[in-house]
Amino acid sequence: MHPLPSFENPPALPHQAVAETLERALRDRSAEGAAACALVGSALNDDDGEFVEHWCVQVGTRAAPGSPLPGLAGLCLGHLARRFGRLGGEALALAQSLAARAEADPSDVDGRALDGHDDVRSFLRLR
């Protein structure tokens, strides 16, 4: 019998490493895997919500067409809403926009943006 694969959430990295990793992925799609780990680790574990929110907005608005990163940015905004109970106006508008795009065309933005928007609505009590 084969053991089941395990999954562990990535840790938060130092801010400079996160910024460098995400900037690299925004220029070079081959770096998207490392960027995903950096963004998720930050969204789940970094205590500087404003820093993480800034990078979610950057990734959600600047990623290349067809990239999985905008959907992930939307999901991470949901994590931030859950953890901190607030999002800035730009981040809130982005979460709504990414969810609408995912609903209209999942090949544009994947469904993780819908999950993130559900969390935003639940934890920020939006209608």
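## Asp110 and its partner

Asp110 has a relative accessibility of 21% and therefore counts as partly exposed, a class that lies between buried, which means under 20% relative accessible area, and exposed, which means over 50%, as found with a 1.4 Å probe on protein chains only. The side chain of Asp110 meets that of Arg112 in a salt bridge, with 2.8 Å from N to O, and the term stands for a side-chain nitrogen of Lys or Arg within 4 Å of a carboxyl oxygen of Asp or Glu. Arg112, at 29% relative accessibility, likewise counts as partly exposed.

## Basis of the model

This is a predicted model, in which local features need pLDDT of at least 70 and side-chain atom pairs count only at pLDDT 80 or more, while totals for chains, interfaces and linings use all residues. Residues are numbered from 1 along each chain as its sequence is written, and side-chain values use heavy atoms, with hydrogens and water left out.

## Other salt bridges

Side chains of opposite charge can pair when their charged atoms come close. The structure holds 6 salt bridges, and one of them joins Arg83 to Asp47, whose closest N and O atoms are 3.3 Å apart. Arg83 is partly exposed at 25% relative accessibility, whereas Asp47 is exposed at 66%.

A further salt bridge is formed by Glu32 and Arg29, with the closest N and O atoms 2.9 Å apart. Glu32 counts as buried at 10% relative accessibility, while Arg29, at 38%, counts as partly exposed.

## Helix α1

Helix α1 covers residues 15–27, and its 13 residues should span 18 Å at 1.5 Å a residue, which agrees with the 19 Å between its end C-alpha atoms; the expected span is 1.5 Å times one less than the number of residues. Within α1, Val18, Ala19, Thr21, Leu22, Ala25 and Leu26 are buried. Seen down the axis of α1, these buried residues fall within an arc of 165°, so they line one face of the helix, the arc being that of the directions from the helix axis to the C-beta atoms.

The buried residues of α1 pack against α2, α3 and α4, where contact means heavy atoms within 4.5 Å. Gln16 and Arg27, which are exposed, sit on the face of α1 turned away from its buried side.

Terms used: Helix = DSSP H or I, 4+ residues; strand = E, 2+ residues; numbered from the N terminus.
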